[in-house]
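Thanks for coming, everyone. I have one model to walk through today. Please have a look at it on the screen.

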Amino acid sequence: MTTDAEQHRTPDERFAHGLEILRAIDGEAGQRVIDSLQDISPDMAHHIVAWGFGEIYSRPGLPPRDRQLVTLGMLTALGGCESQLEVHVNASLNVGLTPQEIVEALLHSAGYCGFPKALNATFVAKKVFAERGLLPIGKQPTDGESATSA
């Protein structure tokens, strides 16, 4: 539910609030996306920041880590969104998801999206993890193993 103050923000205030949220979640990767739009579609950059982050990501209904899990699933399902997946795998790490949780979410998506899309998303995650020095990922328990015996 939005407050009266939130409903009456000026476009500049919505943008400033969105930029704060973008920086907290996406960090440099999000800023690079916004910067890359300045010479072709500054209006799209503005709307991503003001609406996407200032209005949607800042809603209290889901914590940032849950929003990122949903985003990873949707981008995987859509397919062809590898650039955006790269930003959001980074964002997922920034908001507290572990590499193991991200890999598990992408593995889970295979049942709903198919292996090709899940594989593409997993290779994007691998690239991000490599850049952040997070490889190799620890062994995940298999059927019949408990998490403590792995």
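Let me start with how elements are named: helices (H or I, at least four residues) and strands (E, at least two) are DSSP runs, numbered from the N terminus. With that numbering, Val-95 sits in the loop between H6 and H7.

Two sentences on the ground rules. This is a predicted model, where local features need pLDDT of at least 70 and side-chain atom pairs count only at pLDDT 80 or more, while totals for chains, interfaces and linings use all residues. Residues are numbered from 1 along each chain as its sequence is written, and side-chain values use heavy atoms, with hydrogens and water left out.

Now the overview. The protein has eight helices and zero strands. Along the sequence that reads α-α-α-α-α-α-α-α. There are 150 residues, and 31% of them count as buried. Buried is under 20% relative accessible area, exposed is over 50%, and partly exposed is in between, with a 1.4 Å probe and protein chains only. Contact means heavy atoms within 4.5 Å. Take the contacts between residues at least 6 apart in sequence: 63% of these join residues at least 24 apart.

What does Val-95 touch, leaving out residues up to four places away in sequence? Ile-25, Pro-64, Arg-65 and Gln-68. Val-95 and Gln-68 are 27 residues apart in sequence, yet their C-alpha atoms are 8.1 Å apart in space.

Next, helix packing. Axes are lines fitted to C-alpha atoms, for helices over the stretch in contact, and angles run from 0 to 180 degrees between N-to-C directions. H5 covers residues 64-78 and H6 covers 82-94; they pack at about 160°, axes 10 Å apart. That makes H5 roughly antiparallel to H6. The cut-offs: under 35 degrees is roughly parallel, over 145 roughly antiparallel, 65 to 115 roughly perpendicular, and the rest oblique. The crossing of H5 and H6 is left-handed, meaning the near helix is turned anticlockwise from the far one by less than a right angle; clockwise would be right-handed.

Who makes this contact? From H5, Gln-68, Thr-71, Leu-72, Leu-75 and Thr-76; from H6, Gln-84, Leu-85, His-88, Val-89, Ala-91 and Ser-92. By class, the contact of H5 with H6 has five nonpolar, six polar and no charged residues. Here Ala, Val, Leu, Ile, Met, Phe, Trp, Tyr, Cys and Pro count as nonpolar, Asp, Glu, Lys and Arg as charged, and the others, Gly among them, as polar.

H5 also packs on H8, at about 125° with axes 8 Å apart. H5 and H8 are therefore oblique to each other. Their crossing is right-handed. Thr-76, Ala-77 and Leu-78 of H5 meet Lys-117, Ala-118 and Ala-121 of H8. That contact of H5 with H8 holds four nonpolar residues, one polar and one charged.

On to the cores. A nonpolar core is a set of buried Ala, Val, Leu, Ile, Met, Phe, Trp, Tyr and Cys residues joined through side-chain atoms within 4.5 Å. The largest has 14 residues, and Leu-85, Val-89, Ile-102, Ala-125 and Phe-129 have the most contacts inside it. H5, H6, H7 (99-113) and H8 (115-131) each supply at least two residues of this core. H8 gives the largest share, five residues. Apart from this core lies another, of eleven residues, including Ile-25, Ile-34, Ala-45 and Tyr-57.

Last, the tail. Pro-136 is in the segment after H8. The peptide bond from Leu-135 to Pro-136 is cis, with omega near -5°.
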